[in-house]
Amino acid sequence: MKKVLAGILIVSFLFAFCGCSKERTNISDYQYMYDGIVKDWNKLASPSAERESLLGFGEYLYNSQLIFFPRETPSTLNEFYFHWTPGIDVDGYAIYFTCVLDENNYIAFVDGLRNFEVSNGTETKKLFYDTEHFSCPTYIAQWTEVEEKWEVLEYIMLDEAKRTVVFIYTMSEIEFIEEHSSYIVTPTEFHFLEGDFSIYKDFDNCTYDISFLEYLN
């Protein structure tokens, strides 16, 4: 365990002081957030600190399962932006992409979001729906540690007029998305929820249905 921690710390210091931030701006780079970033992370990691995925919770990870972000590149993908800043014990991430759907698929996808729920057998959670604090109606999956070191913001905005679904995820790097997106993604205020919100609590024991993601293809 000490060797693993030492390896991770060495990697972190190397990343922090060598300016190794990564940015991707083309839709052809979509898979980088799953595969490419892991390869880049492992290039500087000791064998004992290497990772197979950044999905999950803890130091250097996404602190999310990104369940609404398709594992395969959507055929409707219109924009993609990714930014990663390695840090000493927590990395900064920013992911933004949009999908433009036909009318029927847009309606079906929005219906899937509206009816989505995650259940652990005793508690059921739905996405938090907000129409006041964003430039478009928005479904929130995570809103935790707001404006703190471990901040995680994960949400989906809906542009009905253009039938466009806007996906946003960030750990303390929303300003990078704002600079590269076609939408205003920053809320008018950050502390509009009482406490933290996440659909991922006790997630290993939860059931949910994301089959509506098929409408992105």
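What follows is a chat about aromatic rings, charges over rings, strands and one threonine.

Author: First, the ground rules: this is a predicted model, where local features need pLDDT of at least 70, side-chain atom pairs count only at pLDDT 80 or more, and totals for chains, interfaces and linings use all residues. Residues are numbered from 1 along each chain as its sequence is written, and side-chain values use heavy atoms, with hydrogens and water left out.

Reader: How many aromatic pairs are there?

Author: Rings of Phe, Tyr and Trp (its six-membered ring) pair if their centres lie within 6.5 Å; planes under 30 degrees apart are stacked, over 60 edge-to-face, and the rest tilted. By that rule, the count is 26 aromatic pairs.

Reader: Which kind of pair do Tyr30 and Phe97 make?

Author: The ring centres of Tyr30 and Phe97 are 5.3 Å apart. Their planes stand at 90°, so the pair is edge-to-face.

Reader: How many residues apart in sequence are the parts that Tyr30 and Phe97 tie together?

Author: Helices (H or I, at least four residues) and strands (E, at least two) are DSSP runs, numbered from the N terminus. Tyr30 lies in the loop between strand S1 (22-24) and helix H2 (36-43), while Phe97 is in strand S3 (residues 92-100). So the pair ties together parts whose separation in sequence is 67 residues.

Reader: Is Tyr30 buried or exposed?

Author: Buried means under 20% relative accessible area, exposed over 50%, and partly exposed in between (1.4 Å probe, protein chains only). Phe97 comes out at 0% relative accessibility, so Phe97 counts as buried. Tyr30 has 0% relative accessibility, so Tyr30 is buried.

Reader: What is the angle between the planes of Tyr32 and Phe82?

Author: Tyr32 lies in the loop between S1 and H2 and Phe82 in strand S2 (residues 77-85), so this pair ties together parts 50 residues apart in sequence. Tyr32 is buried at 8% relative accessible area, and Phe82 is buried at 0%. The pair is edge-to-face, with 5.3 Å from centre to centre and a plane angle of 80°.

Reader: Which residue lies over the face of Tyr32?

Author: A charge sits over a ring if NZ of Lys or CZ of Arg is within 6 Å of the ring centre and within 35 degrees of the ring normal. Elsewhere, Arg51 has its charged end over the ring of Trp41, 5.2 Å from the centre. Over Tyr32, at 4.1 Å from the ring centre, it's Arg24.

Reader: Which strand pairs with S3 over 8 bridges and includes residues 164-171?

Author: Two strands pair if DSSP finds at least two bridges between them. S2 and S3 run antiparallel with 8 bridges, and a hairpin of 6 residues joins them. The antiparallel partner here is S9.

Reader: How many residues of S3 are buried?

Author: S2 is mostly covered, with 7 of its 9 residues buried. S3 is largely enclosed by the rest of the structure, because its buried residues number 8 of 9.

Reader: Which backbone oxygen does the side chain of Thr138 reach?

Author: Thr138 lies in strand S7 (residues 138-144) and is buried at 0% relative accessible area. Leaving aside neighbours within four places in sequence, its contacts (heavy atoms within 4.5 Å) include Phe128 and Tyr155. At 2.8 Å, the Thr138 side chain reaches the backbone oxygen of Cys136.

Key: A polar contact is a pair of N or O atoms within 3.5 Å; within protein, one must be able to donate a hydrogen and the other to accept it, and residues adjacent in sequence count only if both atoms are side-chain atoms.
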